[in-house]
Amino acid sequence: MPDRTESDSRRLLRRLRDTLAEPGAGQERLDRVVRLIAHSMGTEVCSVYLFRDDETLELCATEGLKRESVHKTRMKLGEGLVGRVAKTSTPINTANAPAEKGFRYMPETGEELYSSFLGVPVQRLGEKVGVLVVQSKDARQFSEDEIYALEVVAMVVAEMSELGAFIGEGDALAAPHKQAVMFRGGTGQEGAAEGRVWLHEPRVVITNPVADDPARELERLNKAVTDLRLSVDAMLTTTEVMDKEQQQILEAYRMFANSRGWMRRMEEDIARGLSAEAAVEKEQSAARARLETVPDPYLRERLHDLDDLSNRLLRILTGQGRDTGAAMPDDPILVARNIGPAELLDYGRRLRGVVLEEGSVASHAAVVARALAIPLVIHAELITTEALNGDQILVDGDQGIVHLRPEETVARHFREKIAMQAEAQKSYASLRELPATDRSGQTIALLMNAGLIADLPSFVRSGAEGVGLFRTELQFLIRSHVPKRAELAALYLRVMEAAHGKRVVFRTLDIGSDKVLPYMKRIEEPNPAMGWRAIRVGLDKPGILRMQLQALLRAAAGRPLSVMFPFVAEFDEFREARQSLLDEAEGERHLGRKPPTAIEVGAMLETPSLAFAPDAFFEMADFISVGGNDLKQFFFAADRENERVRKRYDMLNTSYVTFLEKIVARCERAKTPLSFCGEDAGRPIEALCLAAIGFRTLSMRPASIGPVKHLIRRVDLAGLRAVLDGARASGATNLRPAVMEWLARQDV
Ligand code: PEP
Ligand code: MG
C-alpha cells in the first residue's frame, strides 16, 4: 500500500475525529462529515443514506446533491445502486453508474450529472446502518485503495453515537438504543415479566475508533492476538477427553486465531488510521455481514467462530470483561444470543425472565427455564445488538413478544396482565390442600413434572400429589462428564425425600439424536426425533442404562420404586427393558443390598404403534403414561420443534381425541393405570377434555396445577363428555368450538 494514501487516510480520519468532537447539532455535524469526505476523496458528491426501518433507506446528508432532497429521497432495500449496496453489504464501484444494472435515477437529487459511483455499507457489528456514497462527474473507476479508505471512513461514521437522530421526521427523532422496540420471537416458557436488561455478554464499547500512532496500535494488536492464541491453545490442551470431531472443531477455531488473512486486514485497517479495537470491530462486522449470506451450515459455524474470536480479542484489547462493573439489577431479565443450561442454572431464580436470539423449544436452556418457571422468549432476532444493560424490558412468554424500552401505555397494560396473573396465583394457592374433584364427585390426580433439584421446592408449593414424570436426562445434560452411580443415587434419594413419601415416577434417560450429551459422540442422523434415541439407545448400549437402574434401586432401598421407559414403540422393547430392571434388582439382592419395597415398571406411550400393541403388553405394564408431546408429533407427522407446523394441529382435533379414547379403553380393559404427562396436560381446557375422556391422572408443570384444579372443581366432567360425543356425532372435525361454547355456559 503506497505511503501517500496511508497518510492521506490517516489525515482524513483525524480530521473526521476532530469534526466529530466539535460541538453542534446532529445534522450540522453530519453535513460537515460529508463535506470533509468529498473534499478528501476529491469527489463532487458525498452522501450518507441511513435505514429508516428494516426496508427503507433515507438520504440523511449530502455534499453535492440537491439539499432539498435530504430527508425526502428514500429507497427500498435492494432498489437502485444504494439499495443494492445495503442489501448485499458489498461495495459497488462503477465509472458509469447509469449503465449499471438496477440503476435508478432520482430526479429530485440532481444526480444525473454524476457518472462514477462508489458506495460502501455502513455497518456496526453486522447491523446494517446505511450506505456511504461518493460520486463524481468524470468517468472515474475508484482504486482498491480508495474503496478501502471509504470503508474505513464508513466504520468511523458507523460509530457516531447520534446516527439514529438523523433518521425520521423533524424533531421527533429518536436515537438508536433509545427508541421503544418490539421483538416478535417464539414461546420458550409461558409467563409475563417486567424488569431491566442484564446482558449475558455485554457488548464491548469502543470509544476511540481513530488513533494517531499506528505503530503503537499495531503493537497493541499483536500483543492481544498473542494472548488470544495462547488462551486458545490452552483450551485445546486442557479440555478433557475429546473425540475426533470435537478436536477438529477446536483445531479449526485455532486455525482462525492464527489466520494470516484476518491479521493482515486488521493491520491494514490500523495503517489507515483506525485504533486496534476499531480494526477488530470492522473485520467482525464484515464477517457478520457475510454470515447472513452463507447458506452452508459448516461455513456459518466457522464464521461464528471468527465472531467469537473477535469478541475475545475486543475484550482483551479494551480490558472490558463480561464483568463490566455494573451491578445486576434487582429485577434482571437475561438477554443473550444463546446460553448453556449450566450457565442458566447458575443465575437461577434470580432472573425474572430470559430472552434469546437463538434457542429452540427443546433446547437445554428452554428445559431449564421451564424447570425454574422463568418466562422465556426465543428467536428475538438482533436483541443483543439493540438492548443495553439496565434498559426497561417486558417479556411476554405467552405470545413470544418482547418490548424493549416500552412506551408507558404499553408498560401499563402489561403490568395489569402481570397483576392479574399474580391475583390468579393467589387464588390457586388457596386450593392447594383441596382435591381436583369435579361437581359430580369424580377426582383427578394432579401430579407434577420435574427434572432438576431446582424443581423440588415447587413440590409443596404447587400441591402436587406426586411426581408423574421425572426427566432424568437433565442431570446428564448439565454436566460435562457422565455422572457417577453414587452421585446419581444420592440425587434420586433427595428427589424421593423431597416428595415426602408420595410417588415419584423416574423416566430413564431420553437422550440421543438431538439431546446429545456433551461427552457423548455425536451421530449425524437425518431425522433425529425419529432416530436413535431414548430406549433404543438404552437397549443397544446398555452400559449407562444399567448404571442408572442400579442408582435408582439403591436410592429406593426400603421404599417403593417407580420406573418408566421412554419412547417404547413395540412390546418387545418394553419386555427387554423391564427384564433388565428386574435383572439389576436381582443383582443388587445378590450383593446383599436392601431392595425397594415394591417395583413398578411402566412405559411411555409416545408412538402410535404402541397403542396397537398386543393385549399382553397392556397386561404386563404396571402403568402407562402418554407422552403427548411426542405422540402428537408422530400422530400428525408434525415436528414439535418446527414453528411452521407445530401449532397447526390441535389436541382437540376429533381424530386425535378419538385415538386417545382408544388408548383409555385398552387400559381400562386391561386394568392398567393410565396417565398423561405431555404439555397438553397442563393447559386447562385440554386437561378438562383429557379428564372427561377418562384420564384419571395428569402430570404437568407445577405452575399449571392451580389453574387446572380450579377449572376441574367448577365443572361436571360427565357433562363435558356428552358434549364431546355430541360434537363428534354431528361431524365436527375439531371439538374445541363445542367445548368453548359449553364452557361459556358454565360458572367458571
Ligand atoms: C412427551 O413426549 O410428551 C414427554 C413428556 O416427553 P418429552 O417432552 O421429554 O419428550
Ligand atoms: Mg417424549
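**Strand β19 and the magnesium site**

I start with one pairing: R507 sits across from M564, which belongs to β19. This is a predicted model, where local features need pLDDT of at least 70 and side-chain atom pairs pLDDT 80 or more, while totals for chains, interfaces and linings use all residues. Residues are numbered from 1 along each chain as its sequence is written, chains are lettered from A and ligands numbered from 1 in the order written, and side-chain values use heavy atoms, leaving out hydrogens and water.

Back to the sheet. Strand β18, residues 504-507, runs parallel to β19 and is joined to it by 3 bridges; strands pair if DSSP finds at least two bridges between them. Helices (H or I, at least four residues) and strands (E, at least two) are DSSP runs, numbered from the N terminus. β19 also pairs with β20, again in the parallel sense, and here there are 7 bridges. How much of β19 is buried? Of its 9 residues, spanning 560-568, 8 are buried, meaning under 20% relative accessible area with a 1.4 Å probe, protein chains only.

For the chain as a whole, there are 28 helices and 23 strands. It has 748 residues, and 53% of them count as buried. Its C-alpha atoms fill a box of roughly 90 × 60 × 45 Å along the principal axes. Taking contacts (heavy atoms within 4.5 Å) between residues at least 6 apart in sequence, 66% join residues at least 24 apart.

Now the metal. Which residues coordinate the magnesium ion, ligand 2? The donors come from E606 (OE) and D630 (OD), at 2.0 to 2.1 Å. E606 is in the loop between β20 (598-605) and α20 (608-611), and D630 is in helix α22, so this pair ties together parts 24 residues apart in sequence. Donors here are N, O and S atoms within 2.8 Å of the metal (3.2 Å for Na, K and Ca), and with water not among the atoms, sites may look incomplete. Both E606 and D630 are buried; for D630 the relative accessible area is 2%.

Staying with D630, and setting aside neighbours within four places in sequence, its contacts are R533, F567, E606 and R640. Q579, by comparison, is 51 residues from D630 in sequence and 25 Å from it in space, C-alpha to C-alpha.

Two of those contacts of D630, R533 and F567, also meet each other: R533 lies over the face of F567, 4.0 Å from the ring centre. A second case of this kind is R503, whose charged end sits over the ring of F623 at 4.9 Å from its centre. The criterion is NZ of Lys or CZ of Arg within 6 Å of the ring centre and within 35 degrees of the ring normal.

Last, the rings. The structure holds 13 aromatic pairs, with centres within 6.5 Å; under 30 degrees between planes is stacked, over 60 edge-to-face, the rest tilted. F636 and Y656 make a tilted pair, 5.6 Å centre to centre with 50° between the planes. F636 is in the loop between α22 (628-635) and α23 (643-646), and Y656 is in helix α24 (residues 654-670), so the pair ties together parts 20 residues apart in sequence. Both residues, F636 and Y656, are buried. They belong to a cluster in which ring pairs link F612, F635, F636, Y649, Y656 and F659.

Key. Rings of Phe, Tyr and Trp (its six-membered ring) pair if their centres lie within 6.5 Å; planes under 30 degrees apart count as stacked, over 60 as edge-to-face and the rest as tilted. Buried means under 20% relative accessible area, exposed over 50%, partly exposed in between (1.4 Å probe, protein chains only).
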